[in-house]
Amino acid sequence: MTFYSPVVTNAKEIAGHEKLHLFEYVEDEKQYQLKRYLEHGGYAAWKTVLGKMKPEEVIEEVKKSGLRGRGGAGFPTGMKWSFVPKDSPKVRYLLCNADESEPGTCKDRVLMERDPHVVIEGMAIGAYAIGCHLMFCYIRGEFHHSIERIEKAMEEAYSKGHLGKNIYGSGYDLEMIVHTGAGAYMCGEETGLINSIEGEKGMARIRPPFPAIEGLWECPTIVNNVESLAAVPHIINRGADWYRSMGTEKSAGTKLFSLSGHINRPGNYEVELGFSLQKLIYDANYGNGISDGKKLKAVIPGGVSTPFLTPDKVDVPLDYESLTEAGSMLGSGGVIVLHEDTCIVWTILKLIKFFRHESCGKCTPCREGTGWLEQIIQKIEDGRGGPDDLEKLDSICGNILGRTICPLGDAAVMPIQSTLKHWRDEWQYHIEHKKCLVNQNFGF
Amino acid sequence: MAEAVKEKILAVATITCTIDGQQITVPKGTSVFYAARQIGIVIPAFCNHDKLKPVGACRMCYVEIEKMPKLQVSCATTATDGMVVSTNSQQVREGRKAVIEFTLINHPLDCPTCDKGGECDLQDLTFSHGYDDSRFGFNKMRFIEEEKRDTFDDLKIGPEIVLNRNRCILCYKCVRANKEAFGEYDIGAFERGDLTEINATPGGEVSNPFSGNLVEICPVGALTNSDWRYKIRVWLTKTVPSICNFSGSGTNITFYKEDHKNFVYRVTARCNDAIDDGWLSDITRYGYQIVNSESRLKTPLIKKGGKQVKASWDQALAVIKKHMGEIKDQSGGVCIGGLISPSLDNASLYSFSKLFRTIFKSNNIDFRGDYRYLPSVTDSPFTIAASQPFSIADIEKSDVIITFGTDLIREHHNEYLKIRRAVNFFEATAYSVNPYAVKTADIAKSEMVYSPGTDELVINGICLAAIEKKLVDSSAAAKLKPKISKLSLSELTKQTGLGKEQFKELAEAISSAKKITFIVGEIVARSLERDKICAALSNLNKLFGVQDKGQLAVLSRYANSKGAQKLGLSATPYEIVKAELKKIWGEYPDCQPRNTDSMINLMKKEEIKGFITVGTNPMRLYPDRGFASEGLEHVDFLVACDMFETETTELADVVLPLCSWAEYDGDYINLEGKVQTGKQAIKPKYEAKAAFEIMELIASQSGVKLFENEQSRNEEIEQLLSLNSVLPWPDDFLEIDYDKKSSRDDYPVPLFICDDPHHSGHLTEKSPSLLNFSDSAYVELSKGMAAKIGVADGEPVRVESPVGKIVVPAKISRVLNSDVAIIPRNFSSTQTTSLLMRKKRVDSVKLTRVEE
Amino acid sequence: MILSEKTVKKINDKLSKYPKAKGMILPALTLAYKQLGYVDNEIYIEISEIINVPQLEIAEAASFYTMFPKKPRGKYLLQVCNNISCALLGADAMVDRLEEKLAIKRGETTDDGLFTLISVECLGSCCTAPMIQINDDFHENLTRQKLDELLEGLKNGK
Ligand SMILES: Cc1cc2nc3c(=O)[nH]c(=O)nc-3n(C[C@H](O)[C@H](O)[C@H](O)COP(=O)(O)O)c2cc1C
Ligand code: SF4
Ligand code: SF4
Ligand code: FES
Ligand code: FES
């Protein structure tokens with residue numbers, strides 16, 4: 001095994017698959033090397049773009065493909081690129097968001113460790129589309145191996161003329177910097193990320209101005225997730241129509257899902273958007289059912305920032321609209337499965353601790369509210385809850401939701417609100433009986 | 001931002017929106033917050049500040065906007081056409097309540113023990129917008145630092161500032177103001193989330209020259225200062241609008257006073273956008289403390305048997321009458337001279353002039369006691385340059401700002417902050433051109449450091465570069481070229497140490513500027529060659545048409561320097577002033593005018609026998625202490641009026657206690673020519689009197705009245721002030737001759753003696769707070785210079801000039817990058833002006849490490 | 001200077017690539033941490049001088065991020081993810097076990113200076129939970145046996 005991570009993927013199953021593409025080569029141990037990447041058609045898209053396409057055409061193609069941001073918000077990628085002012089005299093920046101720190105999510109890491117060139121190629125095409133000559137890959141500091149692989153790939157790309165001055169004789173110059181984080185979830189939020197590159201604390205900035213107008217060093221800036229960018233070379237190579245032919249009307253293409261928690265076969269799986277969550281959890285090629293033969297209690301479908309789904313909602317297509325309809329969000333694609341012996345209060349306590357720890361501290365409701373929530377939830381978990389605590393939680397959550405600078409505030413409260421709604425009895429039980437409703441025991 | 005971009009977009013476009021049912025039209029770009037304010041709706045806020053960029057952190061300023069489901073923060077939301085805003089809907093009120101609740105959960109509820117009580121935004125907004133009770137049942141987070149713990153967990157983070165992190169509501173205003181408005185990096189926000197804490201830079205303290213503002217803008221009792229805290233409750237004080245007596249621009253201030261104790265408790269800003277934007281330098285903020293000082297002169301003193309003893313006013317005046325009378329009778333009024341401080345009010349200055357010119361019949365007066373060897377000429381290029389119009393507000397409107405020969409942070413605080421604002425908010429480009437690297441150049445696009453003593457060559461270089469690059473009118477170029485071409489551009493680069501590129505950059509900046517501000521400061525004004533430099537500036541002004549598209553002036557440094565000029569307080573007033581005085585008085589002495597330097601010279605020759613100083617201390621400030629003391633010690637009869645005992649009063653035969661500016665109403669003319677009134681805050685302390693009263697009393701000894709009454713005095717002043725006092729530049733380009741620099745290798749290091757950034761002149765060392773920042777002399781050196789002589793920070797250095805020698809500790813500068821020595825003149829404990837020679841263009845010294 | 005010539009050179013190399021020097025704060029802190037295993041005020045001052053950015057800005061940034069401890073830690077930094085996916089698979093029990101085996105509490109360092117144990121937020125290894133990061137390396141899909149072996153190996157200097 002020469003992979004850094006033993007994580008399971010569905011690469012083998014999709015080998016030669018005409019549609020699935022992001023994971024096509026992730027089980028190839030040499031894919032991270034430029035030589036192998038080129039053998040597999042690497043940098044062809046970049047050559048096409050530089051040789052034959054105008055920036056507007058690239059944007060148009062990506063727009064047409066229906067690609068939406070895979071970092072969490074699902075914003076159409078081509079549209080975002082088109083927001084960069086055409087006539088601005090300022091330089092532009094493209095930032096690849098490789099901060100992957102949404103709990104439950106570990107897909108970008110696989111791409112970076114095993115297929116780093118596709119990330120660079122996607123970045124390069126995005127950079128060209130917006131007229132950027134210096135792009136950054138912001139990788140979370142803990143990902144030493146991703147950093148190493150991306151840096152190595154970058155050096156190779158430079159040495160073979162895929163990056164640098166006058167690339168492929170096109171006259172286009174493009175430089176790249178790998179900028180590493182240092183332990184802050186907020187640096188995955190796009191304005192926190194920009195601040196972090198600038199040398200500031202990773203605090204959010206108010207919007208507007210949106211980064212596309214005024215971002216890094218007050219210049220037009222595009223922030224895209226690793227997975228979003230990795231899809232771009234494929235779109236260029238095979239065409240927008242091909243990409244559109246996958247997924248659903250409004251959620252085109254494929255998406256990586258990280259399946260974790262109480263599941264028999266945790267792993268990263270590439271599926272078309274619209275794929276059934278039920279199938280992802282139970283199909284033998286994917287999750288292969290709940291671990292220890294237990295019953296399903298809840299699913300967090302898109303990383304811990306998204307509302308919990310009850311088992312009756314699990315038969316839902318994994319696409320942006322359907323999950324919103326089901327009362328949650330597609331988010332980052334981190335599907336976390338909780339079996340019947342999981343205490344909801346304990347789970348929420350884990351999450352709120354995380355959010356409190358990661359709140360940047362800029363705006364009052366999130367900074368003060370997350371701490372307050374944690375204290376109340378801890379109290380309930382410890383069996384010291386009071387009769388008015390649930391109402392208090394409702395009210396505090398309400399006072400944070402939609403009132404903060406960045407979405408972290410919302411992210412912190414939406415999961416709580418969903419459990420207060422769907423598992424209120426269990427919360428109540430915890431307060432009244434001073435203990436869990438279930439018999440939780442996650443031994444090791 | 002609304003405020004910030006106001007000026008620039010004023011002319012552009014407007015939008016109309018509806019706020020609480022009222023329609024309002026505002027410039028495009030205005031935030032909802034300021035749009036509402038324009039119709040009198042004050043939206044509650046913590047983190048917003050008129051002069052800082054909005055950050056939307058506190059979330060107090062919510063409004064509801066039609067078609068937007070979520071509450072929006074009005075400070076960071078731009079008003080748009082057709083927007084319908086509600087600032088007081090049910091949802092808004094609930095939103096605010098929630099924010100107050102969040103803010104209070106970790107905030108101590110002990111307002112009675114907090115110094116901010118009574119003027120705390122949080123207290124006020126809790127009353128008007130918060131809940132009555134608390135739903136938070138947990139222990140509040142507390143910051144406790146064992147070693148440094150003080151009462152109520154207060155932490156001293158600077159010479160003046162006390163921090164209580166438990167009270168901090170993290171509006172970040174202190175940190176933002178410090179970085180954004182002042183360019184200072186000594187207070188920060190550390191850690192993150194609810195552990196975030198404000199604190200000084202690790203290992204450092206908050207001691208920048210604007211640090212007092214942080215206390216004033218803190219909305220709660222998290223930052224307080226030792227000056228004010230726990231001395232009195234704010235509601236027991238009364239406020240008086242006034243102006244600062246230490247700045248040339250007349251910073252607007254408010255005195256807080258208490259009548260029974262006849263005491264001034266503090267000074268805060270009284271925001272005037274045209275001058276100060278509501279920011280005070282620490283000198284302005286804490287300098288007032290000298291008013292309350294115990295060490296003030298309490299009664300007149302007269303010399304008896306070589307010792308000064310207490311006397312009554314009558315006794316003192318009788319002595320003055322006797323001696324001045326004798327001198328006048330025996331030798332004539334021309335043997336009496338006087339020097340007055342340009343920080344005094346119009347009435348005092350004018351009375352002084354009238355006393356000398358109509359009673360003593362003497363023309364020996366001056367107000368420039370700290371400018372070496374000023375020739376007595378009415379319209380020298382320097383006088384012309386110093387008379388030019390200037391507008392502080394126009395700095396913000398300029399796209400190019402050049403500061404030349406000025407160490408702004410020691411000379412002109414308000415102007416410095418305006419420049420920062422112009423650069424940070426309005427995208428102006430600044431250039432700093434100085435004989436040594438200055439702190440304030442951090443906002444400059446380029447900083448150019450030239451060899452000391454080559455000032456006019458730098459100006460010539462800019463002109464030549466413009467001519468070479470054909471950036472200026474060719475016929476003007478042809479006329480000027482021969483007059484400044486003794487040295488070619490490449491020779492100029494050798495002399496000045498600047499590169500051709502730099503000359504070119506400046507030439508391009510000036511020629512391409514749409515609106516320019518060109519500030520010339522004290523380094524030029526104090527130079528022996530001030531006229532030559534200003535002649536070069538005259539050429540530059542003409543060549544580029546600088547004033548046609550902006551402003552160029554030597555800025556005056558003191559609270560009423562402009563008043564002194566306009567009222568004719570120099571020995572050689574402007575011709576029109578002189579004519580007017582003649583008209584008013586019906587007389588004008590026809591004896592030779594003598595300015596400071598020649599008066600001191602005449603003292604030595606015993607041609608000046610009687611001398612009066614008012615509020616000024618030539619023994620300390622004259623840039624050649626040896627020369628000044630030799631003169632003053634020779635004077636037969638010396639009268640010194642001051643608030644304190646000084647090196648000059650020590651020598652005096654009669655010492656008269658002078659009022660501070662806080663003790664009477666006075667008019668002052670700032671460097672823009674704007675007349676402002678400094679209002680009386682308290683009754684004169686002890687037996688002090690205002691200078692104008694003293695002049696009247698001295699006159700009355702001769703049985704005459706200077707003025708019928710106050711009104712007639714003011715009318716005379718009015719008459720003078722109505723004159724146009726801007727002198728025209730010469731019509732032609734001026735020849736700038738070139739003298740070779742003589743450098744003496746035994747004294748290799750150029751020396752600049754100037755104000756400490758926390759002091760101004762000779763009085764501020766009586767302010768305990770300012771002493772806390774800086775209390776004794778030092779020699780500021782670059783890292784390289786210090787290394788050359790082998791001293792570390794704080795180690796003693798012997799500083800020797802051909803005429804003097806002092807030993808002071810080294811202060812290693814993070815800014816200086818060349819071999820110069822900077823020494824303050826503000827401390828009586830070290831007579832630093834003893835190093836200076838009045839006829840030297842660039843003083844220079846030898847530095848050696850003192851072996852212990 | 002506490003920073004080695006090599007570190008300073010690396011900082012300077014990277015500095016030349018950044019459009020604004022302040023952007024170098026995080027990279028410089030990272031390089032300093034790599035050399036020393038901690039960063040403190042003296043380091044901020046040194047970095048401040050190399051990249052010419054106020055010390056305050058460096059100190060503020062450093063305090064925000066979790067990867068810049070102010071004091072050196074053990075030779076092996078054991079970072080156990082305690083976030084949800086790992087916790088569902090026994091991460092809490094794993095920390096308990098480590099505490100017991102090493103006879104320290106989380107946040108502490110063993111007397112021999114070999115191990116520092118901390119619990120951290122999600123490390124992006126959720127599908128191979130539970131996991132532990134030891135210095136640069138991730139150890140995933142841990143079981144009790146694997147963890148014990150790992151620890152033994154480290155103790156024996158493997
Ligand atoms: C608190 C928070 C954390 C985030 N973390 C990440 C992250 O780790 N990786 C990521 O790609 N996007 C993250 N995002 C989303 C980004 O803000 C941004 O929307 C995204 O990078 C845009 O790229 P995309 O359009 O390609 O999705 C985060 C957002 C928030 C509010
Ligand atoms: S919501 Fe939280 S993380 Fe986002 S800006 Fe506010 S305090 Fe920071
Ligand atoms: S100390 Fe005062 S000004 Fe500074 S952040 Fe706290 S409350 Fe705001
Ligand atoms: S005043 Fe608007 S958010 Fe603080
Ligand atoms: S939850 Fe442990 S690695 Fe993600």
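## Salt bridges and ligand shells in a predicted model

Glu57(C) and Lys179(B) are both buried, where buried means under 20% relative accessible area, exposed over 50% and partly exposed in between (1.4 Å probe, protein chains only). This is a predicted model, in which local features need pLDDT of at least 70 and side-chain atom pairs count only at pLDDT 80 or more, while totals for chains, interfaces and linings use all residues. Residues are numbered from 1 along each chain as its sequence is written, chains are lettered from A and ligands numbered from 1 in the order in which they are written, and side-chain values use heavy atoms, with hydrogens and water left out.

**Salt bridges**

The side chains of Glu57(C) and Lys179(B) form a salt bridge, with an N to O distance of 3.2 Å. Glu57(C) lies in helix 4 (residues 55–64) of chain C and Lys179(B) in helix 5 of chain B, so the pair joins two chains. A salt bridge is a side-chain nitrogen of Lys or Arg within 4 Å of a carboxyl oxygen of Asp or Glu; by this rule there are 89 salt bridges over all chains. Helices (H or I, at least four residues) and strands (E, at least two) are DSSP runs, numbered from the N terminus. Glu57(C) and Lys179(B) also belong to a network of salt bridges that links them with Glu200(A), Lys201(A), Lys22(C) and Glu60(C).

Within chain B, Arg167(B) and Asp110(B) are joined by a salt bridge of 2.7 Å, N to O. The two residues are 57 apart and link distant parts of the chain: Arg167(B) is in the loop between strand 7 (161–163) and helix 5 (173–181), Asp110(B) in the loop between helix 3 (90–105) and helix 4 (121–129). Arg167(B) is buried at 4% relative accessibility, whereas Asp110(B) is partly exposed at 23%.

Glu456(B) pairs with Arg841(B) in a salt bridge whose closest N and O atoms are 2.7 Å apart. This pair spans 385 residues, from helix 15 (residues 455–468) of chain B to the loop between strand 32 (821–824) and strand 33 (844–849). Glu456(B) is buried, with a relative accessibility of 3%.

**Arg838(B)**

The loop between strand 32 and strand 33 of chain B also holds Arg838(B), which is buried at 11% relative accessible area. Its side chain makes a polar contact of 2.7 Å with the side chain of Asp597(B). A polar contact is a pair of N or O atoms within 3.5 Å; within protein, one must be able to donate a hydrogen and the other to accept it, and residues adjacent in sequence count only if both atoms are side-chain atoms. Not counting residues up to four places away in sequence, Arg838(B) touches residues including Arg372(B), Tyr373(B), Asn601(B) and Phe627(B), contact meaning heavy atoms within 4.5 Å.

Of the 18 residues around ligand 1, Gly71(A), Lys80(A), Asn97(A), Asn225(A) and Ser228(A) come nearest; a residue is near if one of its heavy atoms lies within 4 Å. Strand 4 (residues 221–225) of chain A gives the most to this shell, with 3 residues.

| Residue (backbone atom) | Ligand 1 atom | Distance |
|---|---|---|
| Gly188(A) | nitrogen | 3.2 Å |
| Glu190(A) | oxygen | 3.0 Å |
| Val223(A) | oxygen | 3.5 Å |

Taken alone, ligand 1 exposes 600 Å², of which the protein buries 91%. By class, the shell around ligand 1 has 4 nonpolar, 8 polar and 6 charged residues, whereas the shell around ligand 3 has 12 nonpolar, no polar and no charged residues. Ala, Val, Leu, Ile, Met, Phe, Trp, Tyr, Cys and Pro count as nonpolar, Asp, Glu, Lys and Arg as charged, and the others, Gly among them, as polar. Among the residues around ligand 3 are Cys168(B), Cys171(B), Cys174(B) and Cys218(B).

Notes: Areas by Shrake-Rupley, 256 points an atom, 1.4 Å probe, with all protein chains shown as cover.
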